[in-house]
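Biologist: Before I rely on any label attached to this protein, I would like to see each one set against its rule. Could we go through them in turn?

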Amino acid sequence: MKINIGCGGDIRGGYTNVDFRQTHPSVVVADVTQGLPFEDECADEVLALDFLEHFPTKILKHVVLPEILRLLKPGGVMVARMPDLRRMLADYSAGVTDDHETARRIHGGQDYHGNTDWTIGPILLEAGFVNFKRTGSINWNMDLRAEKPA
């Protein structure tokens, strides 16, 4: 058996496709954090593409990865793909990507965003704020100021 865990819309032939939502009629709907409905050591391969990064490290280490190990036969393989922050930052530093593309890569198009003053500024202005400026930084955070028009 080969399992495509967190498949989303990537339905693959030859795999049992699993996601926490019904993305296709053939998808097995299950939440990996609650345990998957398969026997121990049933899989030769677990495919985890663009999946592992969606979990906090603690959940990944103590719930998700142990569940994948439970599914794999001895000698079985997990094939994974996930963002490479080092590569993203190198591309950004080299000018290969701009603020918007780097934030999109880091957060994978989710509903939350990494921002710089260059990316949040236009959003604040579009929302109706004026006199936006960055006022300082502390650790990895930035302090901002924007005003409501008088």
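Modeller: Let us begin with accessibility: a residue is called buried under 20% relative accessible area, exposed over 50%, and partly exposed in between, with a 1.4 Å probe and protein chains only. Asp50, at 39% relative accessibility, therefore counts as partly exposed. This is a predicted model, in which local features need pLDDT of at least 70 and side-chain atom pairs count only at pLDDT 80 or more, whereas totals for chains, interfaces and linings use all residues. Residues are numbered from 1 along each chain as its sequence is written, and side-chain values use heavy atoms, with hydrogens and water left out.

Biologist: What makes Asp50 and Arg81 a salt bridge?

Modeller: The rule asks for a side-chain nitrogen of Lys or Arg within 4 Å of a carboxyl oxygen of Asp or Glu, and the side chains of Asp50 and Arg81 meet at 3.5 Å, N to O. Asp50 lies in the loop between β4 (43-49) and α1 (57-71), while Arg81 belongs to strand β5 (residues 72-81), so the pair ties together parts that are 31 residues apart in sequence. Arg81, with a relative accessible area of 44%, is partly exposed. Helices (H or I, at least four residues) and strands (E, at least two) are DSSP runs, numbered from the N terminus.

Biologist: How many salt bridges does that rule give, and what separates Arg87 and Asp91 in helix α2?

Modeller: The count comes to six salt bridges. One of them joins Arg87 to Asp91, with the closest N and O atoms 3.1 Å apart, and because these residues are four apart in helix α2, about one helical turn separates them. Arg87 is exposed, with a relative accessible area of 52%, whereas Asp91, at 10%, counts as buried. Salt bridges that share partners also join Asp40, Glu67 and Arg70 into one network.

Biologist: Why is the pair of Phe51 and Phe55 called edge-to-face?

Modeller: Rings of Phe, Tyr and Trp (its six-membered ring) pair if their centres lie within 6.5 Å, and planes under 30 degrees apart count as stacked, over 60 as edge-to-face and the rest as tilted. By this rule the count comes to one aromatic pair. Phe51 and Phe55 lie 5.1 Å centre to centre with 70° between the planes, and the pair is accordingly edge-to-face. Phe51 and Phe55 are also buried.

Biologist: What makes Leu85, Leu89 and Ile106 a nonpolar surface patch?

Modeller: Patches are made of residues with over 30% relative accessible area and no salt bridge, like charges being joined within 9 Å and nonpolar side chains (Val, Leu, Ile, Met, Phe, Trp, Tyr) within 5 Å. Leu89, which lies in helix α2 (residues 85-93), is partly exposed at 41%. Together, Leu85, Leu89 and Ile106 make a patch of about 240 Å², the areas coming from the Shrake-Rupley method with a 1.4 Å probe, where for residues only the protein chains shown count as cover.

Biologist: How do you know that the protein is more spread out than a compact globule?

Modeller: The secondary structure comes to four helices and seven strands. The radius of gyration is 20 Å, well over the 15 Å that the globule rule gives for 150 residues, so the protein is more spread out than a compact globule. That radius is taken over C-alpha atoms, and the globule rule is 2.2 Å times the number of residues to the power 0.38. Along its principal axes the C-alpha trace spans about 65 × 30 × 25 Å, and 28% of the 150 residues count as buried.
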